[in-house]
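Here is my note on the model you sent.

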Amino acid sequence: MDSCDLICESTNQLSEIQSFYNDKTIFLTGGTGFMGNLILDKLIRTCSGVKRIYILIREKKGKTTEERFKELFDDSVFDLMKKEKPKFLEKITAVIGDCSLPNMGIEEKYINIIKDEVNIVIHSAATVRFDEHLRIAVNINIIALQDLLKISQKIKNLKAFVHISTAYSNCAGRKVVDEIFYKQPITGDKLLQVVNSLDDDYITRITPSLLGEWPNTYAMTKAIAEGEIVTYGKGLPIGVIRPSMIIATDNEPVPGWINNFYGPTGVVAATGIGLMRCMHADSTKTADIVPGDYVSNAVLACAWDIHNQW
């Protein structure tokens, strides 16, 4: 989906998707990350009827939440947005929190605001490091989702909940992944009990055995997280989007924009500077990659579709 699908430029009329966001309040996690940046830009820039966006921000590397919030919009990805919507800050509020903490580290007053005001939840926050320690991956990728689902159960007027997963969450032992919820190898609660009963060094030693056919802690915890939706998201209007390997933007808001070196981007960068001369690969396989702006567009369309189906 490109920008033409979100706005009818010739008539300057709002599309169905844009109209859906009119007067809606959104709670966005992972707003400071790559996908979060693109989603935030797209919402402000093309969905002018949005009432308010609450974004979860944690302290990081000695910087307070307030400092990170101010620096967030210094990135070039927001240049077009700031030009077209100079009063954008009037619609954005930072919520102090941390996905690695209980209840996502959100103060009670903000939880009450979410319950009373929010209509759409977009859960983009995750640790995407393939070699992440299992304890950290469990807390951020699984338990934070549990907590957000529990909060969402009490939202008074929830229209849609979008969980951003990955195309590789259910790759273990399968050649084809269907658009269904698969049975978990272990529940999130049981896995949390395991990691909480062991020290970090021992967890590191047994992680390969725990992974089984999963390639890394990222894919495994993402798979288990999807199962938590079935348990903790009963009765909620929820959709799961599973993008493949996300690369730089194709077109908007800045062609070729990216702020990380994950996945294929790291390979290209390392090759370009001469750091990597060769790589083990299977020439018969096709790399499944998708531009970041395609994903951000799909996320916004997903919320609209969830509400329509619900």
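Predicted model: local features only at pLDDT ≥ 70, side-chain atom pairs only at ≥ 80, totals over all residues.

The points below go through salt bridges, then a helix, then a cavity.

1. Please read each value below as computed from it.

2. Salt bridges overall. How many salt bridges does a search of the whole structure find? The count is eight.

3. Aspartate 41 and arginine 45. Their side chains form a salt bridge, with N to O at 3.0 Å. Both residues sit in helix 3, which covers residues 34-46. They are about one helical turn apart, because four residues separate them in that helix. Are the two buried or exposed? Both aspartate 41 and arginine 45 are buried.

4. Lysine 63 and glutamate 71. This salt bridge has an N to O distance of 2.8 Å. Lysine 63 has 35% relative accessibility, so it counts as partly exposed. Glutamate 71 has a relative accessible area of 38% and is partly exposed as well.

5. Aspartate 116 and lysine 156. The closest N and O atoms of this salt bridge are 3.0 Å apart. The pair links distant parts of the chain, 40 residues apart. Aspartate 116 belongs to helix 6 (residues 108-117). Lysine 156 lies in the loop between helix 7 (134-152) and strand 7 (160-164). Aspartate 116 is partly exposed, at a relative accessible area of 47%. Lysine 156 counts as exposed because its relative accessibility is 65%, and the cut-off for exposed is over 50%.

6. Helix 3. Its 13 residues span 18 Å from the first C-alpha to the last. That is close to the 18 Å expected at 1.5 Å a residue. Helix 3 is mostly covered, and 13 of its 13 residues are buried.

7. The cavity. There is one cavity of 30 Å³ or more. The largest cavity holds about 30 Å³ of space. Which residues line it? The lining consists of Leu38, Asp41, Lys42, Arg45, Glu252, Pro253, Asp293, Ser296 and Asn297.

8. Make-up of the lining. Helix 3 gives the largest share of the lining of the largest cavity, four residues. Helix 3 and helix 12 (292-309) each supply at least two. By type, the lining has five charged residues, two polar and two nonpolar.

Key
Residues numbered from 1 in each chain as written. Heavy atoms only, no water. Salt bridge = Lys/Arg side-chain N within 4 Å of Asp/Glu carboxyl O. Buried < 20%, exposed > 50% of the residue type's maximum accessible area, 1.4 Å probe, protein only. Expected span 1.5 Å × (residues − 1). 1 Å grid on protein atoms, 1.4 Å probe; cavity = no way out; pocket = protein on both sides within 12 Å on 5 of 7 lines; lining within 4 Å. Points joined across faces, edges and corners; volume = space filled by probe spheres on them. Nonpolar A, V, L, I, M, F, W, Y, C, P; charged D, E, K, R; others polar.
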